[in-house]
Amino acid sequence: MIKKLTSLCAIAFATISMQAQITGVQVGAVCPDFTGTSPNGTTHNLYTYVSQGNYVLLDFFAYWCGPCKATAPKIEQFYKKYGCNTNGVIVLGNESDPVGTNALLAAFELQAGLDPINTYPAWSGQQGGGAAIGN
C-alpha cells in the first residue's frame with residue numbers, strides 16, 4: 001500500500017510541479033489521507049481505495065481554470081478507458097478553490113463538455129472539502 005502511495009505521490013507531484021509551486025512536501029513522500037464528498041453525498045477516501053489494491057489518479061483543479069477545463073475531457077477518457085472506477089484504477093477530481101461550490105463545479109463540468117451521466121467523481125472546494133485537501 002505504501003509503495004503505491006509513494007509512486008502515486010511522485011507522479012502527482014511531478015505533474016503538479018509543471019503547473020504550480022509546491023512547498024513543504026518532499027518528492028516521494030506518502031500522500032496524506034483525505035476524504036472528499038461529491039455533490040450527491042458520496043464520500044471518497046484515498047486510503048480506503050488504496051487499501052483495496054487500487055491505483056488512484058487525482059485531478060487537482062479550480063472551477064475557473066481554462067487549462068483545467070481543456071484537460072478534464074482527457075481525464076474523463078482515462079476514467080472510461082480503465083473501467084469507470086471498477087477495474088483497479090480510481091479517478092477522482094478535487095476542485096481546490098476555497099470559494100468553489102457544487103454549482104460552480106457543475107458549471108465547470110458542463111463547460112468542459114464532460115458526460116453529465118458518466119464522468120469521474122469530483123467535489124467542490126467549499127462544500128466537498130476540496131480546498132482543505134488541496135492545501
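Q: Why does P98 count as exposed?
A: The relative accessible area of P98 is 55%, and exposed means over 50%, buried under 20% and partly exposed in between, with a 1.4 Å probe and protein chains only. P98 is therefore exposed. The model is predicted, so local features need pLDDT of at least 70 and side-chain atom pairs pLDDT 80 or more, while totals for chains, interfaces and linings use all residues. Residues are numbered from 1 along each chain as its sequence is written, and side-chain values use heavy atoms, with hydrogens and water left out.

Q: Where does P98 lie, and what makes Q126 and A131 its contacts?
A: P98 sits in the loop between β4 (89-95) and α4; helices (H or I, at least four residues) and strands (E, at least two) are DSSP runs, numbered from the N terminus. Contact means heavy atoms within 4.5 Å, and P98 has such contacts with Q126 and A131, leaving aside neighbours within four places in sequence. The C-alpha atoms of P98 and G130 are 7.6 Å apart, although 32 residues separate the two along the chain.

Q: Why is N45 called buried?
A: N45 has a relative accessible area of 18%, which falls under the 20% limit, so N45 is buried. N45 belongs to strand β2 (residues 43-45). Not counting residues up to four places away in sequence, N45 touches D33, F34 and T35.

Q: What makes the approach of the N45 side chain to F34 a polar contact?
A: A polar contact is a pair of N or O atoms within 3.5 Å; within protein, one must be able to donate a hydrogen and the other to accept it, and residues adjacent in sequence count only if both atoms are side-chain atoms. A polar atom of the N45 side chain lies 3.1 Å from the backbone oxygen of F34, a distance within that limit. The N45 side chain also reaches the backbone nitrogen of Y47 at 3.2 Å.

Q: How many residues does the chain have, and what share of them is buried?
A: The chain has 135 residues, of which 41% count as buried. It contains 5 helices and 5 strands, in the order α-β-β-α-β-α-β-α-β-α from the N terminus.

Q: What share of the contacts joins residues at least 24 apart in sequence?
A: The share is 70%, among contacts between residues at least 6 apart in sequence.
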